[in-house]
Amino acid sequence: RLLRKPSVDMGRRPARCYRYIKNKPYIRSRFCRGVPDSKLKIYDVGRKRADVDDFPLAVHLVCDEKEHLSSEALEAARIVINKYMTTKCGKDSFHLRIRVHPWNVLRINKMLSCAGADRLQTGMRGAFGKPFGKVARLAIGQVVMSVRSRDGIQGHVCEAIRRATFKFPGRMKIFVSKKWGFTDLFRDEYLKLKAEGKLKMSGVHAKRLKEHGPLFKDVV
């Protein structure tokens with residue numbers, strides 16, 4: 001009579017096991033193969049091709065801890081913001097951008113928990129695990145995601161991001177930017193340069209025209 005080998009299928013290990021950054025970065029390479037794909041596939045949601053003038057408001061979600069964020073948590077937060085903003089304000093009223101990428105590879109040393117498992121596994125001998133998932137490494141003060149929208153729906157934008165924080169471990173802070181959209185110009189500075197014709201529109205960004213160098217490079 002043949003004995004069936006116990007199955008090694010198990011539930012997903014909780015994210016609290018991988019929350020803290022303790023080791024060096026471990027990324028996919030020719031030495032690290034067979035890595036499962038990240039659950040986060042879409043980094044821009046909403047009206048991502050909207051002109052820079054359409055969305056002057058920018059709200060950022062900033063991490064306040066040094067920690068890992070799993071691709072599953074990032075995908076869950078993206079779904080929350082997209083669902084809330086689409087329901088309350090419409091699908092063309094915002095542009096969400098995920099600012100971090102889950103490159104870091106997690107490992108797991110699978111252990112059996114059935115009868116007779118001690119005959120099939122070797123404990124801590126050869127304990128370097130197999131690829132298990134992907135996470136993003138975050139520093140204190142790093143922007144996790146940003147939403148640009150209209151000034152009239154700032155309350156809905158902040159509420160959508162607040163709901164997304166429930167998907168993340170650790171402390172998160174919400175900041176309403178003083179700059180125009182995703183640009184690096186303050187609002188009064190942006191309006192002043194635009195009135196003077198010193199801005200070159202570039203999709204979701206605007207570039208300040210330099211007053212030095214060849215003229216043909218910065219022709220609007």
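How many bridges join β2 to β7? There are six, and the two strands run antiparallel. The close-ups below start from this pair. Everything shown belongs to a predicted model, in which local features need pLDDT of at least 70 and side-chain atom pairs count only at pLDDT 80 or more, while totals for chains, interfaces and linings use all residues. Residues are numbered from 1 along each chain as its sequence is written, and side-chain values use heavy atoms, with hydrogens and water left out.

**View 1. Five strands form an open sheet.** The strand order is β1-β4-β7-β2-β8, with antiparallel pairing. Strands here are DSSP runs of E with at least two residues, helices are runs of H or I with at least four, and both are numbered from the N terminus; two strands pair if DSSP finds at least two bridges between them. β1 (44–46) and β8 (172–176) stand at the edges with a single partner strand each, so one side of each has no neighbour in the sheet. On average, neighbouring strands are turned by 15° against each other, direction ignored.

**View 2. Helix α2 lies across β2, β7 and β8.** The helix runs at about 20° to β2. Angles are taken between N-to-C directions, from 0 to 180 degrees, using axes fitted to C-alpha atoms, for helices over the stretch in contact. In the loop between α2 and β8 you will find T165, which touches L61 and M172, leaving aside residues up to four places away in sequence. Contact means heavy atoms within 4.5 Å. T165 is buried, with a relative accessible area of 16%; buried means under 20%, exposed over 50% and partly exposed in between, using a 1.4 Å probe and protein chains only.

**View 3. The largest nonpolar core has 31 residues.** Such a core is a set of buried Ala, Val, Leu, Ile, Met, Phe, Trp, Tyr and Cys residues joined through side-chain atoms within 4.5 Å. L74, I81, M85, V144, M145, V157 and F168 touch the most other members. Elements giving two or more residues include β2 (57–63), β4 (94–98), β7 (143–149) and α2 (154–164), and the largest share, six residues, comes from α1. Pick out M85, whose contacts beyond four places in sequence are G90, S93, F94, I153, H156, V157 and A160. A second, separate core of seven residues includes V52, W180, L193 and L199.

**View 4. I98 lies in strand β4.** Buried or exposed? I98 is buried, with a relative accessible area of 4%. Apart from residues up to four places away in sequence, I98 touches L40, I42, Y43, R78, V144 and M145. I98 and L61 are 37 residues apart along the chain, and their C-alpha atoms are separated by 9.8 Å.

**View 5. Strand β3 (residues 67–70) is joined to β6 by four bridges.** The two strands run antiparallel, and E67 has L138 as its bridge partner in β6. E67 and L69 point one way from β3, H68 and S70 the other way, and all are buried.

**View 6. The largest pocket has a volume of about 420 Å³.** On a 1 Å grid over the protein atoms alone, a pocket is an open set of points where a 1.4 Å probe fits, with protein on both sides within 12 Å along at least five of seven lines; lining residues have an atom within 4 Å of a point. Grid points are joined across faces, edges and corners, and the volume is the space filled by probe spheres set on them. Of the 19 lining residues, Y18, K22, N23, L106 and R107 lie nearest the centre. Strand β5 (residues 104–108) gives the largest share of the lining, five residues.
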